[in-house]
Amino acid sequence: MKYIFFLILLLMACGRKTTSPELGKDGLYTEPYRPAFHFSPARNWTNDPNGPVYYKGEYHIFYQYNPYGDTWGHMTWGHAVSRDLMHWEHLTPAIGEYPDPLTGDSTMVFSGTVVVDENNTSGLCRGKDCMVAVYTSHVHARGEGKRQHESLAFSDDDGRTWKRYDKNPVLDIQRKDFRDPKIFWYKPQNKWVLVLVVPDLHKVQCYESRNLTQWKYVSEFGPLGDTSKIWECPDLFELPVGNSDQRRWILSLSGSHPQGSTFVGVQYFVGKFDGSKFTADDPKQKPLYVDYGKDFYAGIVYNHLPEENNQAIMISWANNWAYANKTPTSPWRGAMSMPRELSLRQTGEGIRLFQKPPDTLRSLRDGEVHGEISGKQLELEVEITLASAKEAGIKILKSGDEETIIGYRVESGELFFDRTHSGNVSFHKDFASVESLKLNPVKGKIKLHIFIDQSIVEVFANDGEETISDLVFITKDDAKVETYSKNGEATFKVKAWRMKSVW
Ligand code: FRU
């Protein structure tokens with residue numbers, strides 16, 4: 001048995017890899033709770049998205065993957081490609097926990113990123129360019145406990161096969177926790193920049209390199225903002241502010257959750273980056289979060305987009321470490337958020353991130369729903385005019401006593417997402433929850449753009465000013481949508497579309 005396993009690995013390592021039969025989708029993607037337009041592996045466990053990169057017409061997604069089971073373990077980079085960020089083709093895992101045929105390296109492959117080495121600065125490419133991955137190699141040496149350092153792998157065939165660099169690791173500070181490198185090309189100074197975290201010290205360290213293999217420490221950021229949890233998965237990217245000539249850098253990182261307690265989420269800082277150092281515009285700023293739901297983690301933006309300078313597309317893990325190993329799905333566990341377009345706008349409170357679902361998602365609309373609305377795969381546009389109501393909102397996935405409420409409380413000025421009666425909440429004691437965030441009505445109105453996808457709900461409020469993403473597991477079938485108001489009047493405009501599956 002063992003030999004057959006190694007034979008399969010050898011074959012996987014030698015031949016050019018195409019679509020993976022192991023990951024094929026025959027008979028899959030129709031299971032209860034299976035997202036229809038969010039990415040999930042056909043089988044087994046996933047957590048963070050890794051190395052999102054656009055190259056030769058393909059959007060690649062790699063992801064923390066356990067090829068052997070549906071809970072965390074054996075961390076390997078799963079891999080899929082898409083031409084539109086919606087329809088995905090599964091490929092065989094890119095870099096795995098199994099021994100690399102070239103180097104014998106069998107460390108676990110933790111989160112990281114992929115760049116296109118356009119001018120073969122690394123000398124690793126056979127031709128003029130290639131894809132280079134940088135990831136955390138997580139070592140479990142017997143007797144020595146764990147160690148984390150940064151390693152490279154590269155691909156000369158559009159990401160279909162990967163080799164680990166034979167002089168790994170390329171960055172090692174002899175630390176137990178030192179991980180999640182993000183690299184990008186910094187054009188003004190013709191160099192590579194790498195940011196990663198020292199999780200327990202709440203620090204993001206910054207390194208630079210001309211060749212991806214030798215790295216020089218240049219600065220660090222933190223502790224700052226929310227430090228109630230360890231820091232993970234940093235990212236650093238630049239965006240214009242609205243239509244102005246101003247630009248700002250965003251440093252995002254995962255860890256602390258806007259609702260505190262046992263949960264995790266993604267916070268961000270707005271600031272400047274001079275090629276070596278990120279400085280927050282307002283170090284005293286109260287923490288800002290990308291998403292206020294429980295299920296948005298390890299968000300990271302695409303590298304090498306066609307119009308890279310004006311765009312950032314972020315994708316995240318739609319789950320939460322608090323209960324991720326227990327969610328009631330099979331034969332897969334874990335999925336990604338929708339890829340989101342990020343932008344910056346000047347607001348009364350400062351420069352803030354705004355988010356938008358990709359326009360291409362419209363092509364998945366499968367007819368507008370008129371009259372009574374119901375369904376587990378829906379896009380909703382809801383406009384609530386608050387009038388005299390003290391509270392108003394929408395109930396979704398409603399069936400008998402099960403419902404998920406997305407509502408607005410006028411007095412506290414809060415939008416909330418209540419999944420306490422959403423269905424199966426018993427698989428983990430912390431799952432039943434209510435999240436809320438401050439939101440101002442615009443001309444007396446609250447606008448909600450809601451995507452319901454079987455077990456994932458993403459809400460974009462007031463044209464993407466804030467978002468809430470949450471998992472829900474309903475146990476019944478009719479899944480109705482209803483508006484409601486309390487203690488006064490509110491009026492609603494609701495548009496709804498059924499959504500097709502991409503699988
Ligand atoms: C974040 C994380 C990363 C790490 C990976 C391991 O969710 O903990 O810090 O690289 O997951 O799977």
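The model is predicted, so local features require pLDDT of at least 70 and side-chain atom pairs pLDDT 80 or more, whereas totals for chains, interfaces and linings use all residues. Residues are numbered from 1 along each chain as its sequence is written, and side-chain values use heavy atoms, with hydrogens and water left out.

**Ligand site**

The shell holds 13 residues, and the closest are Asp48, Gln64, Arg179, Asp180 and Glu232. By class, the shell comprises six nonpolar, three polar and four charged residues. In this scheme Ala, Val, Leu, Ile, Met, Phe, Trp, Tyr, Cys and Pro are nonpolar, Asp, Glu, Lys and Arg are charged, and the others, Gly among them, are polar.

Next, display the polar contacts (pairs of N or O atoms within 3.5 Å). A polar side-chain atom of Gln64 is 2.7 Å from an oxygen atom of the ligand. For Trp72, the distance from a polar side-chain atom to a ligand oxygen is 2.9 Å, and for Asn47 a side-chain N or O atom lies 3.0 Å from an oxygen atom of the ligand. The protein covers 96% of the 320 Å² of accessible area that the ligand has on its own, as calculated by the Shrake-Rupley method with a 1.4 Å probe. Colour strand 1 (44-55), strand 5 (108-117), strand 10 and strand 14: these are the elements that give two or more residues to the shell. Strands here are DSSP runs of E with at least two residues, helices are runs of H or I with at least four, and both are numbered from the N terminus.

**Aromatic pairs**

Show the rings of Phe, Tyr and Trp (for Trp, the six-membered ring); two rings pair if their centres lie within 6.5 Å, with planes under 30 degrees apart called stacked, over 60 edge-to-face and the rest tilted. The structure holds 36 such pairs. Select Tyr33 and Phe473, an edge-to-face pair at 5.0 Å centre to centre and 85 degrees between the planes. Tyr33 lies in the loop between helix 1 (2-14) and strand 1, and Phe473 in the loop between strand 33 (466-471) and strand 34 (480-486), 440 residues apart. Both Tyr33 and Phe473 are buried; buried means under 20% relative accessible area, exposed over 50%, and partly exposed in between.

Then select Trp77 and Tyr135: their ring centres are 6.3 Å apart and their planes at 70 degrees, so this pair is edge-to-face. Both Trp77 and Tyr135 are buried. Finally, highlight the aromatic cluster formed by Tyr29, Phe39, Tyr63, Tyr65, Trp88 and Trp503.

**Strand 7**

Select residues 145-155, which form strand 7; eight of its 11 residues are buried. Two bridges join strand 7 to strand 9 (residues 171-175) in antiparallel fashion, where Gln148 has Arg175 as its bridge partner. Strand 7 also runs antiparallel to strand 8 (residues 163-164), with two bridges, and Ala153 stands opposite Arg164. Strands count as paired if DSSP finds at least two bridges between them.

**Backbone details**

Where are the cis peptide bonds to inspect? One joins Gly222 and Pro223, with omega about 0 degrees; another joins Ser330 and Pro331, with omega about 5 degrees.

Last, select His74, a non-glycine residue with a positive phi of about 50 degrees. His74 is partly exposed, at 34% relative accessibility. Asn190, also not a glycine, has a positive phi of about 45 degrees and is partly exposed at 47%.

Notes:
Buried < 20%, exposed > 50% of the residue type's maximum accessible area, 1.4 Å probe, protein only. Near = heavy atom within 4 Å. Polar contact = N/O pair within 3.5 Å; in protein donor to acceptor, adjacent residues only side chain to side chain.
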